[in-house]
4 protein chains.
Amino acid sequence: MTTVIKNGTIVTADLTYKADVLILGGVITAIGAGLSGDKVLDASGCYVMPGGIDPHTHLEMPFMGTYSSDDFESGTRAALAGGTTMVVDFALPAPGQGLLDALQMWHNKTGRANCDFSFHMAITWWGEQVFNEMKTVVDQGITSFKHFLAYKGALMVNDDELFHSFSRCADLGALAMVHAENGDVVAELSARLLAAGNTGPEAHAYSRPPQVEGEATNRAIMIADMAGVPLYVVHTSCEDSHEAIRRARMQGKRVWGEPLIQHLTLDESEYFNPDWDHAARRVMSPPFRSKQHQDSLWAGLQSGSLSVVATDHCAFTTAQKRFGMGDFTKIPNGTGGLEDRMPMLWTHGVATGRLTMNEFVAVTSTNIAKILNCYPKKGAVLVGADADLVVWDPAKSKVISAGSQQSSIDYNVFEGKVVKGLPRYTLSRGQVAVEDGEVKTREGHGHFVGREARP
Amino acid sequence: MTTVIKNGTIVTADLTYKADVLILGGVITAIGAGLSGDKVLDASGCYVMPGGIDPHTHLEMPFMGTYSSDDFESGTRAALAGGTTMVVDFALPAPGQGLLDALQMWHNKTGRANCDFSFHMAITWWGEQVFNEMKTVVDQGITSFKHFLAYKGALMVNDDELFHSFSRCADLGALAMVHAENGDVVAELSARLLAAGNTGPEAHAYSRPPQVEGEATNRAIMIADMAGVPLYVVHTSCEDSHEAIRRARMQGKRVWGEPLIQHLTLDESEYFNPDWDHAARRVMSPPFRSKQHQDSLWAGLQSGSLSVVATDHCAFTTAQKRFGMGDFTKIPNGTGGLEDRMPMLWTHGVATGRLTMNEFVAVTSTNIAKILNCYPKKGAVLVGADADLVVWDPAKSKVISAGSQQSSIDYNVFEGKVVKGLPRYTLSRGQVAVEDGEVKTREGHGHFVGREARP
Amino acid sequence: MTTVIKNGTIVTADLTYKADVLILGGVITAIGAGLSGDKVLDASGCYVMPGGIDPHTHLEMPFMGTYSSDDFESGTRAALAGGTTMVVDFALPAPGQGLLDALQMWHNKTGRANCDFSFHMAITWWGEQVFNEMKTVVDQGITSFKHFLAYKGALMVNDDELFHSFSRCADLGALAMVHAENGDVVAELSARLLAAGNTGPEAHAYSRPPQVEGEATNRAIMIADMAGVPLYVVHTSCEDSHEAIRRARMQGKRVWGEPLIQHLTLDESEYFNPDWDHAARRVMSPPFRSKQHQDSLWAGLQSGSLSVVATDHCAFTTAQKRFGMGDFTKIPNGTGGLEDRMPMLWTHGVATGRLTMNEFVAVTSTNIAKILNCYPKKGAVLVGADADLVVWDPAKSKVISAGSQQSSIDYNVFEGKVVKGLPRYTLSRGQVAVEDGEVKTREGHGHFVGREARP
Amino acid sequence: MTTVIKNGTIVTADLTYKADVLILGGVITAIGAGLSGDKVLDASGCYVMPGGIDPHTHLEMPFMGTYSSDDFESGTRAALAGGTTMVVDFALPAPGQGLLDALQMWHNKTGRANCDFSFHMAITWWGEQVFNEMKTVVDQGITSFKHFLAYKGALMVNDDELFHSFSRCADLGALAMVHAENGDVVAELSARLLAAGNTGPEAHAYSRPPQVEGEATNRAIMIADMAGVPLYVVHTSCEDSHEAIRRARMQGKRVWGEPLIQHLTLDESEYFNPDWDHAARRVMSPPFRSKQHQDSLWAGLQSGSLSVVATDHCAFTTAQKRFGMGDFTKIPNGTGGLEDRMPMLWTHGVATGRLTMNEFVAVTSTNIAKILNCYPKKGAVLVGADADLVVWDPAKSKVISAGSQQSSIDYNVFEGKVVKGLPRYTLSRGQVAVEDGEVKTREGHGHFVGREARP
Ligand SMILES: [Zn+2]
Ligand SMILES: [Zn+2]
Ligand SMILES: [Zn+2]
Ligand SMILES: [Zn+2]
Ligand SMILES: [Zn+2]
Ligand SMILES: [Zn+2]
Ligand SMILES: [Zn+2]
Ligand SMILES: [Zn+2]
């Protein structure tokens, strides 16, 4: 059975043109005028774009004996509802746990996934087993390794471990990734704040100022440079970090920065809300920043010094957040965004004139597909590419609300915001998961996407 | 009659994959495996790329009662021989001459062109006629306007004229372009050098140091910003100018820089050659710079702060150069490069690891096609695109020499340099202009490419 | 008769120590413990500092057949009241007027000056007479030449004139100074604003955005570099200009920037005041900027990339301001500040911890004395130096108000601001001009201070 | 008995003027015209300047059971011979050793010192004892604490220790100092080089590239910022580190950089000398850099982004250097320079026009006296200041040679270099230690200089 998307305007990272798209067996089989098919999706007045790719999610992430609220079912359903057709999640080995073990655990979570997905592997400790298993992990299609410079005593690695792991990535043709905050300084600042009686969620922001992010980013870039590996900096939230990335790029280094939709559109004033729940629900690392940092992030997307917009979707319920009442360091870190990333970026980026539509596609889909080496299977509107597509209706609008969302959490950090620009249809390998705004996802439809190492 | 390119690897600005390319009626009609056609071009071991676009040439340019040596016939033949399938030349009105008049003159030169071409229009004076005719020029498909901040007393415009013209470009949806050197300072430095008896070609370099280029670039960027027009800076030759462009881009401004292949691979030491002819043949503006400036240009291509590699091909013969014996200010400014740009950039950029193959395509073809709004007709390997293609043989090498070149000038600034990476075939709208290294251009095959204004 | 300042703490640009100061014949004759003299000034609890030097005033400046309100009498009285003991005013030749002529006119104004003064000479046109008279001006002790890049059609010089004049300064060992705004762009933006019906004082700010200042600063720096002359940029008001200065200094260039106390403490919101008079009284060039630009200026003072705090004191009365009702371009440019500079900078700089006391002395007095080559006659607390001193009482406070000021204008842009830190005594060459807060200036006491050229 | 320096020109960090200087009891008692005294030193044709202060020496430093070759006797004799009248050495506690213990050991070395001296205390480990003893150390006049980010497994501290120690410095009003190289990366690079058979001295340079210095500098600045402590970065050798310092200063942070005379005048090519001894004698950390890095350091001194020129004098004999034959990591790190710093900087800085004489005084003496809070006892030509003076003869020249030096080492890294500008007299607290070029030091004349904490 063929599906055809008719009467739309195709928008890719580098092109805008009118054409129909024909789909068979989950892939695009023709692009052109006057195509016909068994099932017709009308794209009149709409843009036909590659579905979004969110390269930074934490679905069903273990936390203190429980899990982050969205699993691969509800998370991917939320993704599709917002026009995102692929997520890349982080497999997180516990200290001492083997990488392959962890990977198996993560594969096990995905049985009900509604859209395609891939993994990054985190390097949370170092040893011969890790060194050896990195190769197997790459062979199994996971070619990006995440490192934490924060979360001291838990996920954090030191510079020596970082250099060894980055060097191993270089040998394997893999991508190095980094959560860049100076964990030593964060830990000490946190302790001081608690000691001084600052226990509320606003202290979370005070405990990890932009400086600690800028420093760690700069350090990771140097070590990547020494190791000869390209570097992807997740959740670039501030000018300090952006400056380090920009400076590196100016020197010809291969470094990419990833602002989150939250940092682009929300600011630190959220933490000053007197409602503990309101503030705690917005606790994530790095925290929201001032307006000046926001300006820097937008300019980075415009100039190309920042490359990808993600979410770090890690949804903890209000109940879970409350584990941290009386001690902000115990508030689970994370917010949602998977469902809202595309409409929020369109509304605040494209509709305001900051970004062109082509740049929108680039930063939500195509750039990361290239960086992660799954382009043009993903991130493209090309014959042969997977039919992961969104038919984007620029006239469709809604008010974001937890009450009507797909995500399983009980609030939304964008609550009340009006977005204009939403999917009319979202297709996951040709399967119509959103139809005229109605969600029709199919559990288990999503497959793992393996990726090849660089030569 | 169809032509098929078989067994090659397609390399575009964002993709590398194996596929055949089918051509009919000058356009690409199919891309895929196992295609067949009437004429078969074997691309085994080769890369099939968009033909190069050189956006900066001066063919048959009037000069003191004579003309630059390469006309649209020899120039486009040289272009094709080197894998370039489109040139964009500058229509230069004399002071007081109407734009439409000048445009007609330039159209008149192109009857024997071997490949497609377009024009930029220069704004060399200001007045109501210019203001009015700019619209007609845009309507006739020329949507980029060049301004000279140097050549005082001739082509130079002042800041007031620049601001008016840039504002007009903004209104018309056209692109502003600028030759950025401070003409007042250059004129005075030149006069002082002559007065001090420095009459040789090396004084040309002394008369226009990097500082005057950096300043003018910065100024043009500010004025473009005030006018709200995107800006393209031609022949960015130094860190000073690159810094200004980089700083602007960091602030989200839409500014592009164009290093020339000459500045990327040759340096100021050429002017210190005791042979007057050797030095004079390399006289161009801006002049060649030091190695440190070269490093800056390469880093710019790597990081994306510089976007396009061009040539400013303006070929004056040794006899013409000698007009300036005894007075360097009378040496006609210009060198060749049209034939050598692609092999030189491949050899010094791709083979050295500085640039990926995809970046090579981007900076030689795709980026400028997008900037000039003729993508994907040009600069693409897509169904429906013009079959302006080069089948690039990375194993083919030669020694550059004036003796064996297509260009009509009697020397070559790259004389003796070994390049590895040359066209096996070059196709201009499907017509095979280079076949197994043999030049088979067809006079008059080249057409004018009109471009649309931005909305 | 000797005067002794007892029990104070001497604060200079590089030292803080307790000592008495003995004065005879207008100069300091001893510094040490236990000094005695005929007249004793008690400095208990106070800091004894070099009197302030304001290098940027326009007293009795001609304007449309009238003059700026403060003349050398009231202006220097205001200066002394605020702890400033020397002003440097600008001699402004009319177009075509000789420099010596203008200089004589300026000398004629100074008969009733209460404190010492010097002049800068403005270069408002170019010609052989100007070239020749520059030498005589230098011989007469005026070794700094001001150039306007704005005020098109009036004071503005073009790049060619600028380069010639800067080169002449270099030959004469003089300092080049520049008012840096792009006059062409300002003129055109002004015309557009008026044409669009924006006639109010807020349009003044719109007509000269930070970009035009940054550009002109960058340009002046390049031309000074080419001429080989040190450069002093007056009224640096924004990050754009500061960035250009900073970048130049990083490259080892001798460039200084001068923020005004107004730009450090007031911002653009003043122009949005619905009271026309309120806004118009604050019209000056460059206009007040946003808070982010203020931050940049303070950081510059802290890091040393900006060197001097001045006022550009040019006091026009409300009646004069009203010449511009209905056309902002006719509002005379200028505000007051001479009386408030030192207390405002102390309050907002020293008391807030941004600047040390030594840095306060440096930026209000010593740095400019060195730059203008009248150190240590001025700007020092050293034996042999002129006894231009202020005994600063950090505990004394007042509310700034036009009603109680020395300046002759009928308003004060700092109206209502509380300052803490005021002169207990101000001495002009030993003469006590302020005594326990009471003003006791002596008309005609002030002398011209000639300065030598650099070798 | 009084000494008078007659007929000279006094040059300080901010003044140049003709005056005599009278000395009694080791201090300056008068400055003025026509002074007389018991002993007359003729300064005709000379500059009378504050004696140099070298804030970075390692005299009699323990090393593998032996000591660096120059002790406080020969080291201070060398210093005086070159116009330096004070050294500041580093007390280095062994791991686990108390600070007071180490301090006593260092005091014990100084009995034969020929000029005044002070200490910095190194923090080489962290614990309650260190925390507590820091206060006592400050009380004993040592108010600067050095931290090593390199020398892993020996002196290096980690970020957590650094933050604690910096915070303690902030509480105590002390200065934080840092040797900034990333020790983890250096250790790993060294191991890889050795493993690959690169055992020679040139591998020392490869093992610590500019990037690792830039990174560590940036990190130390961030941590100092978080701790609220001013930071002094020793031996800033490259643009990478200078950039980090410059960026910090631009943001108003109190950070100083210290280039060494070696890095200013020697470059990495020294390590490529085929003579093992030649190269090994130049092994120090950071290593010599390329010419581009040198340019950056000079520009920093000119613009004020770098503040002090030191030597890191740590003299190992050729015999000691040979401990590292076959393994570059065993070559003791250190070179000489104490005797040559002032003449080399004068010759390459002042005589070339890069620095003014006043800047020379600032960077060799006055700046560091202020930073270390011993100004104006040291670093000044003022009444009451210690008579640590050098009478500098700009016409006196010599060829630097180990054969004729005071330092006890058997070579000189500046061997064969001609310097012009040398002491005619050097005075240590009034005692004439160099007289007409002849060295007449007095053993034990040098005293410890205690310094006060900042409030
Ligand atoms: Zn993270
Ligand atoms: Zn995350
Ligand atoms: Zn040009
Ligand atoms: Zn050109
Ligand atoms: Zn002005
Ligand atoms: Zn003024
Ligand atoms: Zn060190
Ligand atoms: Zn050291």
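**Exercise 1. Work out how strand E18 of chain D pairs with its neighbours.**

Start with E18(D) and strand E19 (residues 431-435) of chain D: they pair in the antiparallel sense over 4 bridges. Pairing here takes at least two DSSP bridges between two strands, and strands are DSSP runs of at least two residues (helices, H or I, at least four), numbered from the N terminus. This is a predicted model, where local features need pLDDT of at least 70, side-chain atom pairs count only at pLDDT 80 or more, and totals for chains, interfaces and linings use all residues. Residues count from 1 along each chain as its sequence is written, chains are lettered from A and ligands numbered from 1 in the order written, and side-chain values use heavy atoms, leaving out hydrogens and water.

Next, zoom in on Leu427(D), which stands opposite Val432(D) in E19(D). Leu427(D) is also the bridge partner of Leu389(D), and strand E17 (residues 389-399) of chain D runs antiparallel to E18(D), joined by 8 bridges.

**Exercise 2. Find which residues hold the zinc ion (ligand 1), and where they sit in chain A.**

First, the protein donors are His179(A) (ND1) and His235(A) (NE2), 2.0 to 2.1 Å from the zinc. Donors are N, O and S atoms within 2.8 Å of the metal (3.2 Å for Na, K and Ca); water is not among the atoms, so sites may look incomplete.

Then place them: His179(A) lies in strand E14 (residues 175-179) and His235(A) in the loop between strand E15 (231-233) and helix H8 (239-250), so the pair ties together parts 56 residues apart in sequence.
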